[in-house]
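Here is a friendly briefing on the cavities and packing of one protein model. Have a look at the structure first, then read on.

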Amino acid sequence: MANWNSVPLEVTYEVLGWFAFVSWSISFYPQVILNFRRKSVVGLNFDFVVLNLTKHSSYLIYNASLYFSPTIQNQYFHKYGYDQMIPVAANDVAFSIHAVLLTAITLFQIAIYDRGSQKVSKVSIGIVSVAWLTAAICFFIALPNNSWLWLLTIFNSIQVIMTTIKYIPQAIMNFLRKCTDGFSIGNILLDFSGGIANYLQMVVQSVDQDSWVNFYGNIGKVLLSLVSIFFDIIFICQHYLLYPGKKSSELATTAEQDDDQIREQLVRPSDQSPPENV
């Protein structure tokens with residue numbers, strides 16, 4: 001296993017990694033807090049959450065297995081070279097554990113809070129079912145020859161696919177509603193910061209090792225960053241450029257309607273003249 005050639009680059013690598021961990025981990029809380037305060041999950045796309053749980057569970061299996069298992073690490077070195085570094089850091093494992101936990105909490109909120117007429121689509125249920133069925137089949141294929149690194153690439157591929165798919169329902173929902181009310185933009189801003197830091201962390205490792213093997217050795221981490229950044233930019237544009245005043249205008253309209261009703265109730269009795277005494 002290779003060692004770091006530059007101490008400053010090693011420190012930068014660790015700082016970027018844990019910055020990504022903090023940004024991505026905190027990004028879950030604005031939505032959870034928003035749901036708690038509103039006692040409602042209306043505006044949050046349930047498909048996004050269900051797909052997200054499958055994505056983070058797959059990513060946790062990949063990160064934890066490659067980081068902790070000597071057997072899988074030896075398979076990685078045999079494939080990519082013993083002079084390479086493991087492309088999974090401690091912050092990757094920590095993030096995955098935290099992400100699965102917070103996504104599960106969000107699903108629990110969906111179960112107990114007002115959700116209006118929203119529900120998980122059959123398409124998302126089908127996608128999740130196919131993903132886990134594929135993983136199960138691949139497990140039994142890998143079992144006879146102990147092809148665990150190959151199996152991990154399957155889980156890594158699943159998380160990339162889920163990352164790509166999971167953002168689409170929320171983006172479409174925002175477009176159809178012409179509003180981002182109920183969907184926390186704080187989550188997106190933090191997710192965007194984490195994606196940038198996560199990508200830069202891999203760049204720093206490649207510069208130090210003078211090798212880009214870690215990019216295709218952990219292509220899932222690369223695509224995770226790039227896909228997240230791409231969709232975060234879409235959500236930022238929706239919130240700040242396309243539908244910036246939607247929520248405030250709705251509140252203003254509601255307030256005007258309430259004022260009109262109050263005026264009608266106050267004016268109506270005075271319009272009825274009392275009967276004259278004969």
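The lining of the second largest cavity comprises three nonpolar, five polar and no charged residues (Ala, Val, Leu, Ile, Met, Phe, Trp, Tyr, Cys and Pro count as nonpolar, Asp, Glu, Lys and Arg as charged, and the others, Gly among them, as polar). This is a predicted model, where local features need pLDDT of at least 70 and side-chain atom pairs count only at pLDDT 80 or more, while totals for chains, interfaces and linings use all residues. Residues are numbered from 1 along each chain as its sequence is written, and side-chain values use heavy atoms, leaving out hydrogens and water.

**Cavities**
- A whole-structure search finds two cavities of 30 Å³ or more (on a 1 Å grid over the protein atoms alone, a cavity is a set of points where a 1.4 Å probe fits but cannot get out; lining residues have an atom within 4 Å of a point).
- For the largest cavity the volume is about 260 Å³, and Phe-28, Phe-48, Asn-52, Lys-166 and Asn-187 lie nearest its centre among 22 lining residues.
- Its lining divides into 11 nonpolar, eight polar and three charged residues.

**Around Val-42**
- Val-42 counts as partly exposed, at 27% relative accessibility (between 20% and 50% relative accessible area, with a 1.4 Å probe and protein chains only).
- Beyond neighbours within four places in sequence, contacts of Val-42 (heavy atoms within 4.5 Å) include Asp-114, Arg-115 and Gly-182.
- Val-42 and Gly-116 are 74 residues apart along the chain, yet their C-alpha atoms are separated by 6.3 Å.

Conventions
1 Å grid on protein atoms, 1.4 Å probe; cavity = no way out; pocket = protein on both sides within 12 Å on 5 of 7 lines; lining within 4 Å. Points joined across faces, edges and corners; volume = space filled by probe spheres on them.
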